[in-house]
Amino acid sequence: MKTTHLMAATALALVSGLGTTGARADDLTLCWAAWDPANALIELSKDFEATSGHKMSFEFVPWPNFADRMLNELNSGGQLCDLMIGDSQWIGLGAEAGHYVKLNDFFEAEGISMADFIPATVTGYSEWPKGTPNYWALPAFGDVVGWTYRRDWFERPELQAEFREMHGRDLAPPKTLAELKDIAAFFQGREIDGTTVYGAAIYTERGSEGITMGVTNALYNFGFLYENPDKPYDMDGYVNSPEAAAGLEFYKALYDCCTPPGSSDWYMSENIDAYKSGQVALQMNFAFIWPGVNADPNVGGDRSGYFPNPAGPGGHFAQLGGQGISVVSYSDSQAAALEYIKWFAQPEVQKKWWELGGYSALRAVVEDPGFATSQPYAQTFLDSMAIVKDFWAEPAYASLLLSMQDRVHKYVIAGEGTAQEALDKLVEDWVEVFEDEGKL
Amino acid sequence: MGETTIERAAKATPPKLARRIRGLSDRAIAWIFVAPTIFLLLAVNIFPLIWTIRLSFTNFRANRPNAEVKWIGLRNYERILTDSDIWLTMQATAHFLFWTIVLQVLLGFALAWFINQKFRGSNFWTTVIVLPMMLSPAVVGNFWTFLYQPQIGLFNYSVAFLTGADPTSFSMIGDTGLAPWAIVIVDTWMWTPFVMLICLAGLRSIPDSIYEAAECDRASKWRQFWTITVPMVLPFLMLAVLFRGIENFKMFDLVVQLTGGGPGNITTLTSIDLKREAFEKWRTGYSSAYAIILFVTVFGLASIYVKALNRVKER
């Protein structure tokens, strides 16, 4: 009798506990990279704290260590993060290893439709397997590789005249990769206002993902494909096609001819520094930096312009960046974490997110008639998001990425072998990875 | 006659405990004291080693706890030993190890000999010289990347000043020919003071009377150096080589901060490569085999070296 009473009381307590989950104030920790948008998110999340009563904490890790630190956290089943804004390529691992909570039922119950988000971001940040309606994240931050240029230098009459004489066209944002190289070469080693400047700051970093995020912007546009569109994981002749090799040769040529001395290990922050300090005319970087460039006292406002990654002979694409927000399956505060996602998906919150410097992926925000003119870089962001392509999002993405970092850096920066050899070896590495995965 | 300490301790021991201990042999009591240490050693060193050996024969991946773990025999070892890229990292490690040790021993000994001359201000200079090794390797790596910057780096400007070359014409960490030397230079800058301190201890341990006897025998300074100084400092020097060898074999932070293992993988040392395999690619089985191969190599080399060291000491 005593036992029955105890069980009934326990059940009652559990039921009442579940029923009041929404009302309980939780401490939520959101994990993301340490960069400008993260500061905007702290600001934005104050509204959530005020409306929900939950307290938000943040764990931000600098980009070069972000994947290492956070994937270790997930792989060890750590409970540090309740919400994870993980990189787009982690989605396969997050889903298959059980790190992320599947959100389909939650989206359905709360009336959150993936059709309301930019399709490329849904595919890139939320779906696993790709192309199937299985959602593991809500698109949180749209991002893409694009270019920044010194508009004030481009508009100088003497430079305009010299460039026109040299190339027979105006010194203007390039439409093709070949034009981009011409412009970069034009500025390389030039004296401007008594200082030697250089052509372009491009991604060359070795340790994490830098050079891969850069070189793909050339590879895609020359005809590189990750696999046979009709036969998954069939890579020979696609990854290492002659067109792909030409793309890799182009990137090396750009590095050799038109980058600042000593830029052999540069990624986002080094490119920003080079651009803001007036060392380079062009800068390759993710779109997240544009609000910071626009507000910069030295190069901001009218002094800078923005353009999408130029087209190549094989197509017009740009490397996708950005992330989705997921609920970590090891969290004890999943209900409150889901509450955050529900709040974050609201159109008015997404609008404010854009105003604070976060790139919203909600169509209601980006398709608003005033969006394209709301910031000097808004139209470029829209144009760039229309041409995105992403790296592998397989569970073994880290192995695939590290192989590409290795092979590409050896060729582009160290000058070892030929482009064709580098890509042939990359295929060998990737075949080995997929064999280990049991997919080949 | 008063009580001895032992008698007082015996009286203070609670009778229950005393009864229990009284029944134990000396050997058993010794085991009781040693057992916690043995247990800790087994738990922290031996068990992980055995576990690593076991994992090295499997395809286990630590980031896939639910995946099936297959026994694949010697496949991991075969892959590693036939992988040309791994031999390149071994080569890079050997180059780094050899040149850092040679330079640090030569410079460290020279500095120690110089400081040992006991001139005015020698203590001040000792402090100045040992400053680099007090810094964190990550900090050292970071600021040397600035020193090596072709456009603003002090190193490039110094070389340009001395040779007349254009400072932007070479990149210490971006050039495949220079990058291996760039990491050697930084490690030598940072750790030569350590070798110097050990050599200094060796030099100061030589009694003046030996030199005085040599003077009486009219031995030249050169002869004194080769027949007294070098042999008596040699055990210290060999110890310094052992310490630096072990440290540099596992070098990681400084090089990662400086070059990230690049350009290409020209400065990817085995420890960097192993870390990438184990904690970035998460090939746990493969990296266990890699670790075992390195362990056997280091253990073998260290054993030979320690034997030689003991022989020198016995002379």
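I count two strands as paired if DSSP finds at least two bridges between them. I take helices (H or I, at least four residues) and strands (E, at least two) as DSSP runs, numbered from the N terminus.

The model is predicted, and I use local features only at pLDDT of at least 70 and side-chain atom pairs only at pLDDT 80 or more, while totals for chains, interfaces and linings use all residues. Residues are numbered from 1 along each chain as its sequence is written, chains are lettered from A in the order in which they are written, and side-chain values use heavy atoms, without hydrogens and water.

**Sheet, chain A.** I looked up the bridge partner of A:Gly146 and found A:Asn285, in β8(A). Five bridges join β5 (residues 145–150) to β8 (residues 280–286) of chain A, and the two run antiparallel. Both belong to an open, mixed sheet of five strands in chain A, ordered β6-β7-β8-β5-β9. β6 (190–192) and β9 (304–308) of chain A each have a single partner strand, so one side of each has no neighbour in the sheet.

**Rings.** I count ring pairs of Phe, Tyr and Trp (its six-membered ring) with centres within 6.5 Å; planes under 30 degrees apart are stacked, over 60 edge-to-face, the rest tilted. The structure holds 68 aromatic pairs over all chains. The ring centres of A:Phe186 and A:Phe187 are 5.3 Å apart and the planes at 85 degrees, so I note the pair as edge-to-face. The rings of A:Trp354 and A:Phe371 have centres 4.3 Å apart and planes at 40 degrees, so that pair is tilted. A:Trp354 lies in helix α15 (residues 347–356) of chain A and A:Phe371 in the loop between α16 (363–366) and α17 (378–385) of chain A, so the pair ties together parts 17 residues apart in sequence.
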